[in-house]
Every structure is written in C-alpha cells, then in structure tokens.
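The following note sets out numbered remarks on the structure shown below.

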Amino acid sequence: MFAGGWTTPYGEAADAALTMLLEEGLRLPSAVSLLLRACFADDPARRPTALDVAAHLIDIYPEVAGAAYPRSQPKAARLLADGLSNQALSMLDLGRVDEAEELFRGAITADPYHLPAVYNRGLHKWRTGVAMGEEVVSDVEAAWAADPSDSLGSLLLGLVQLERHEDEWAGTLLLKADQSSVDVQAALAVLEKRPPRVQIDLKRPDVTAIALSADGSQVLFGDKAGQLVLWTPAKGTGWRAQRTLTRRGDPVTAAALSADATVGVVLRGQAVELWDLRRGRQRRGPHAMCAIAVSADGRFYATGDVPGTVSVWSAENDLLIAGVAPGLGKVGAVALSPDGSRVLAAFLDSDDSSVRAWDVATRSLTTVLTGRRPELPRGWPNSSNVDFAALSADAGHAVVAWWRGPLVTWDAQRDVVLGEVPDRHSDINTVVLAGTTMVSNDVRPVRVWDAPTGRCLGTLSRGPDGTTGPAAISADARIAAFWTIESISIRSVPTADYRAPWCYARPRAVEDLISTDDTFRGRMDRVRELTERERFAEAAAVLRSVQEGPDFARNQDVREAWAALGPHGSRAKLLGGWPVFTFEGKVELIEPPVVALRSDGRYMATCRRSGEVDLWDFPNSERLLTFAPGEGGWAEEVRFAADGMMLLVRSFPGLIRQLDLSDGSRRIYPDDNGVLTAFAVTPSGHRILIGDEHGTLRQRELPSGRLLRELAADGLVDAVAMSRDGRRLAAVAMGLHVWGDQPAPTFVVPFQAGYAAPLFSPDGNTVFASLTESTAAWDVATGTLKYQVHGVSSPVERRLALSGDGRFGATPARHGLAVWSTDTGEVVRTLRMTSAIKAHALSADGTFAVTADADRRLQVWDLRTGDCLRTMASHEHDIIDLMLGDDGRWLLTTDSGTNVCGWELVWEYDIP
C-alpha cells in the first residue's frame, strides 16, 4: 500500500524487501515499520497474533489516515465454525494433522451440526482409518437434519456416498443438489463412467470354501457334504451355470484357482486334490496338509502342514520342486507368485508369529515379517499370536494383525511395511487380500478396506444375523465372493477412483459476526436472568429465538440452558445428538468393559484389567481419580451408591469393595461368607442387597455397612433386586424368590431357564422378571401372576428395561423393540428396527428410548409417535451395553472391542 505495488512474490523475502525499500527512501510511519518488523520475526512465537495486529492497526489508524477507525474491532470469539473448519483444511494441506484435528474439534464445539465442519472432519477421520464410512454418513445426515432447507446437505452427503460407492444413493442426492456446481458436475461424470455393479446371489447351504479366477468370472466352491462346484455367474444361477465336479465326499476345507480357472487345488480335511478343470479330471495329491495355493499360470501349487513345512509341487505330475521346514509350527496360509518362483507363508502358531518368503529355486529365505509384542499392563499374558493373516494370491502382499497389536500391511517382495494402523477387526471370521485391498467377512457385515490406511472403502453386504463363512477376492481386486447363511454372494469391490472434495465455508464479514455475536450474548444473558427469576416459560421463548440465529443453535451455552430448563417442563423435541468422546480401552479395560454412569450423568467409573478403578468427569472425558487395585481380581460389576458419592465394585472371586469418592477410602465386607455373586442398591444408594453362592442374602445400610436383614434362598444367587424404599426384595436362585417385611418369602416361582435380573415397579407393588422369550409380572403382595408379555429369544444381557416413571416396559420383539404398559402388559408400540437389537434403555420420563442394533448403530425413538428421531454411529464393534442418565442428556455405550463412548442428547422443552 505504501510502496504502491508488490515488491516481492515471496513471503520469505518480505523482511529483506522492507529493508531495501526503507534504504531507498520509502516514507513509512514508524509505528507501521515496527509492527512489520515484529511480524517478520524469525521465531514464530515472537510474532504478534492476527488479533494483536488488528488491534495495533486500529490504534495507529488515526495517525496514518487522519480519522478514527470506522469499523468495530473483531474479537477472538467471532472466528466460529466457518473459519475454524477452513483453518483445519489449511493445516491438513500443510501436513499439520494434530493442529487440524484440534481446529476441527473447535469448530464442532462451536456448532456440532455445522455441515462443512462435520463433513470435512468425517472425511478426514474416515480416510485415516479412524472412523467408518457409516459414521460419516450418519453425522452428515444428522447435521443436515438440523437444517433440512440447507441445499448443501444433499451435495455433501451425495459426495460421501459416491466415494463410498453407494452409487444409487449418490445419484439421487446429487440430482437434488445445485446442478451448476462444479463439484456436482464432476461427481456425476464419475458416476456415469462407473461400470454396472455386479450383484448376484446363489442359494447354497453350508459352503466351506470359495475360490475365484483372476477376473472373477469363475467361482469354485465346496461344502460340508463334499460337493464341489464350478460356477459361472455371468450365466446366472440355474443348473446350466453350475458344473458339479463331485456330489459328495469329505468336507471341502479350502480351494484355490489358477488365473484362467483351468487348474484347481482343493483341500478335503488334510488331503489335497488336483483338478484339470478343462476336462473335469481329478487326481490325489499329498496328505496331512492344512494350507494350499496355486500359481496364476497353473503350473505349480504349494502346501503347508501342521509341523511347519512349506512345499512347492508341479501341478502336472506332483513332483516336489522345493520344500522348506523352518520348524515354526502350523502353516496358516500360503501363496505363490504368478510364475511359482516365490512362495509366501504365514505361521500363526509360532513364537515369532511371522510371515516369510522364499526363493523356490534356491530355497533361500528372502524376506520376513515378525510379530510386534505389545507392552501390556500387569496381569496380562505376554502373547503375540496372530489374530489373523491374509496373503495376496500373487504372494506380493500380506496383512497381519497381531494380538493386541496393529494391523500391518507388508510388501513381501520389497520387504517394506506399507502401513500400520490400529486393528479394529476383532469380530472378523475371514480375511482375503488382493494387492492392498482387503475384504473382511465379519459376524456382519462384509466390508472392503484399504489395508495400509485402515480406511473402509465400502460395505458389500449387511446380510441377516447369523453364521458367516469363507470369502474370496479376484486378483484384480474388482470382484469379491462370500458366503452368509444360505447364499454365495458375488459383488463388485469398491475402488479408490474418487475422492470427495473438501468443503470450504465462506466466512461472513466481521461486521456480521460482531452483530450476530452481540445479539446472541445479549439474549443468553436474558435467558440466564429469566431462569434465575424462575420465569422458565419466558426463558424458553428467548432460547428458541436464539436457535434461529446462525452458528448458535447447538452452541454449548444453549445446550446448558436447555438442560437447566428441562426439570421445569416436558420434553418437546430432540435438537441433536453426537458423540462426546471415545475411549479405546483395548489394553487397559476388562473385556467386556465394566463401567457405570452416575444417574445425573456427571461421572463415569471404569474398571481396569489390572484392578484399578477410575472415576471420570463424563461430559469432559477427564480422569479425576484412580483407586489402587484392591482385594480380589478383575471387577465383574460396578455401581454408584450413597447419593452418587460411593462406588461398589464386585470383583472375582466374589468380593465387594466400597470406595468413597469424597475421601478416597475403601472397605470390604469381611463378615459375608462365601463367594458374593450378585448385588443391588436402592436408587438413593443407601441400601445394598448382597447374594452369595450359598443362597444367603444380606441387606446392609450404606455407607456404614450395618446389617439390616439376613434371608435365605435356594442355591446360588444369580441376581437380586430391591424396591425403591428397600422394603421388598427379590432374588433369582433356583427360581424367583420375593420377600416383603417378613423373613419368609411372600412367594416363590419355581425355576425356569432364562430368568434375568428382576425389577420392581416404582411403587414396589409389582415385580418383573424376563424369561427366555417372555416377560412376566407378579403382584408382590399375593404372588399372583398379573400377565406375560411374549417376545423373542435374544442374546441381549438386559432384556427388560423400565422407564423411570414406571409407566412402560420394553423387551426385544420379532421386528424390533416392544414397548408395553406396565399396568396391563399390553404392547402400546413396536419400534421397527432393520437389524437385531443388541441393547436398549427407556428414559426416566417415559418419552423416548435408545436402541443399539447389530449394525452398530444407536437410534433415539420418540415413544409417543414411534418415530426414529436420530441415528448415530461411532462404534466399530458390536455394542453390548448402554446406560442413560436420568435427565436423558448423557448416554454411555460399550462394545465388544473394549471401547467406551460418551454421547450427548440435547432436548428442547415445553414450559407451561
């Protein structure tokens, strides 16, 4: 400005350029000169911030311009989600990932449903293998749902679906977006060029082995009955498309195909069969084998046996070409290079858990990858057994996941590790590999991964719950075949042919930000004032007006304000739901996690495998206090008690520890004999009921531990319950026992298999117990069976949930979750779910339910309408438990991978 134009195009030369201009006589105000020198300081820490520069320029503006600065000064708080998201993308471009992630967190904190920030952060997490594609979709859908009028939602969601190869969804969404957008036009061009997806299913029970030709055009499969079939999917699923090679025999345990499907190698039990598939001729090969492979040219095949010998044979005459015997134990998998010159083998049971490659001609070891031994806490076995290993058919690559270690992708030819990412595949049954593209056949679903980055490229099939089995992938990584339940499925494999672009937000002018922020602060001050004066309805009205402003609908202050108004009104609608934290307890926590959430949602307790118990600030995911390991072993159950200021921990082999949160003290119950097998506390936490292996029940006062009652049941106590006032007790011990005020049971229901933990109604007049396929209710005073609610057999640990007000119960049903009246047992609503239920809870006020399903999704349901209000995803393993705070704001979930997730649900309330 002072020089009249650009003096240098290079920022690094700016300081030198300033010196030169000053020496040439440039007249520059001294205050400006000093400020520029400070900005060009070599040490970035000594440079002023942008806001410091702005403030200084405003101060010297009158001196330079001869008039007061006409605009308002910007404030740090004004750089909201738009600017933070854009800054995060700039940091990613510079490779400063940690700073980018911190900026993304700031943007989401400012506005959890800010579309560009949610989209950009989701793509980043997905591409780095931290999140699943389903999570990105769920988060973007939730952000868009917060403002359905925002046309950006259809564009961003469509771009995500296109990168996930969900082409049908992508096309529908992109056609709804602005067609003049360059991003839309580019995405539609990619969509148009994609070949039609292969999707065909062949009904076949009990398939045990599958192999594919190099291009996926031929499928060789075998089953438990010994049938072996060569199938050409392009010809359909009729008998003309299937060539039956054998109709019965020993079960087929493995199969391999040459590239052109002219040579097949089959393993039946431990016996090898060679097949000339042109002529349909078979001959016997070597015996006592556990792994097989065939070269792409069909000239050689390889075998591995239990002692650890790897052999390469001529496919023409079964002549042994080479054999190596490293003595490392069972060969888990073998592969041959296309010309048979290299052999690759994985040793799953060896001490070093290695993958090794040999030159066949010289029998010399060329490359080796050995296991990583993780550092484990006290009490863990030191093991590096392979969780799974997959080898590409051309012997070029391997992926290996060691026990409690990373997922490693290895180039076996160059001896280069291409990637190490956290192993998130504990539920996998089968893994197959082509190049660096991996297909995993979990309990469900079947997914495709970019192995080096850990990024999930797509889901091939969700399938029904149940058994999964073998899988195969073509050498060109374009076709996958897998078996689930009753069918072999052929699917196109998603490829990394498209990357959705980043979304740069257009920050508003400083004047707009200042005006908006000032309005927001003023209204929030008014909300706080009205709340303090107990004018709650007026406060709610002002808070609704705040939500109409941009950036502030999900602001932290707004969320806290609604939470403060909640007790004075009734729940109206869900404003949002999102994850607060994810704690990966893979090494630290017990499996499955033993956790507890205090009823107000403020604190969480977690139990370590090594015996420590941690107390956490739940909303802030901060560890506050750690209790040292005590008597007994691993914790099996933990609960809050004594108005939430005490933890009760039942540990193996049957001790209960009492941990005081106020002073850190602890105690046990030394007078209780035998193994303590179950306990329950009243809602206030001032009474505890303990059952043991001998059928003795003791009710104690907390925190003193004073014995109040001692009762006897029949045999080991599996579960106990108390009414809210602690006067009525129940226990499952060779039947259901219920007590009133007398020492003898009021009634006993004979033993039935499948009894779950009993529950009392809030008034204590009804006791409920869930059986294998039904839930029964009894009148406590008379022992009369009031009704039974029929459902389905379910592996859900807590099959019965009651709302805090006692109006509703919920149990698994055939098509979802049945919600029924506790007065009559009549089902008032069935929440229709698309996959099997894994866990569920009802809110304290009986207005909503939260469910977890087999697709690892959380869904929030309005019990008044049956509508699904929100679908959320963050878990990568099966969800096994969830806990809901009394106010319905805080939610805790755990999964089979020892992960613990915290969630926040934000509600709007109607205030009378």
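1. Leu530 has a relative accessibility of 1% and therefore counts as buried; buried means under 20% relative accessible area, exposed over 50%, and partly exposed in between (1.4 Å probe, protein chains only). The residue lies in helix 11, residues 510–532. Helices (H or I, at least four residues) and strands (E, at least two) are DSSP runs, numbered from the N terminus. Leaving aside neighbours within four places in sequence, Leu530 is in contact with Arg535, Glu538, Ala539 and Val542, where contact means heavy atoms within 4.5 Å. Leu530 and Ala540 are 10 residues apart in sequence, with a C-alpha to C-alpha distance of 9.1 Å.

2. On provenance, this is a predicted model, in which local features need pLDDT of at least 70 and side-chain atom pairs count only at pLDDT 80 or more, while totals for chains, interfaces and linings use all residues. Residues are numbered from 1 along each chain as its sequence is written, and side-chain values use heavy atoms, with hydrogens and water left out.

3. For the protein as a whole, the secondary structure comes to 13 helices and 60 strands. Of the 912 residues, 55% are buried. Among contacts with a separation of 6 or more, 47% are between residues 24 or more positions apart. The accessible surface is about 39400 Å², and carbon and sulfur atoms account for 50% of that area; the areas come from the Shrake-Rupley method with a 1.4 Å probe, and for residues only the protein chains shown count as cover.

4. Which residues have the most contacts inside the largest nonpolar core? They are Tyr119, Leu159, Met438, Val850 and Leu858, in a core of 88 residues. A nonpolar core is a set of buried Ala, Val, Leu, Ile, Met, Phe, Trp, Tyr and Cys residues joined through side-chain atoms within 4.5 Å. Apart from this core lies another, of 17 residues, including Val310, Val324, Val331 and Leu336. In soluble globular proteins, nonpolar side chains tend to be buried together.

5. Strand 19 (residues 397–402) is mostly covered, with 6 of its 6 residues buried. In a regular strand the side chains alternate between the two faces of the sheet. Here both faces are covered: one side carries His397, Val399 and Ala401, the other Ala398, Val400 and Trp402, and all are buried. Strand 19 pairs with strand 20 (residues 406–411) in the antiparallel sense over 5 bridges; two strands pair if DSSP finds at least two bridges between them. Ala398 stands opposite Trp410 of strand 20.

6. An open sheet of 4 strands has the order 46-47-48-49, with antiparallel pairing. Its edge strands, each pairing on one side only, are strand 46 (759–760) and strand 49 (785–790). Strand 46 is joined to strand 47 (residues 766–770) by 2 bridges, and Leu759 has Phe768 as its bridge partner in strand 47.

7. The side chain of His875 makes a polar contact of 2.6 Å with that of Thr893 and one of 2.7 Å with that of Asp895. A polar contact is a pair of N or O atoms within 3.5 Å; within protein, one must be able to donate a hydrogen and the other to accept it, and residues adjacent in sequence count only if both atoms are side-chain atoms.
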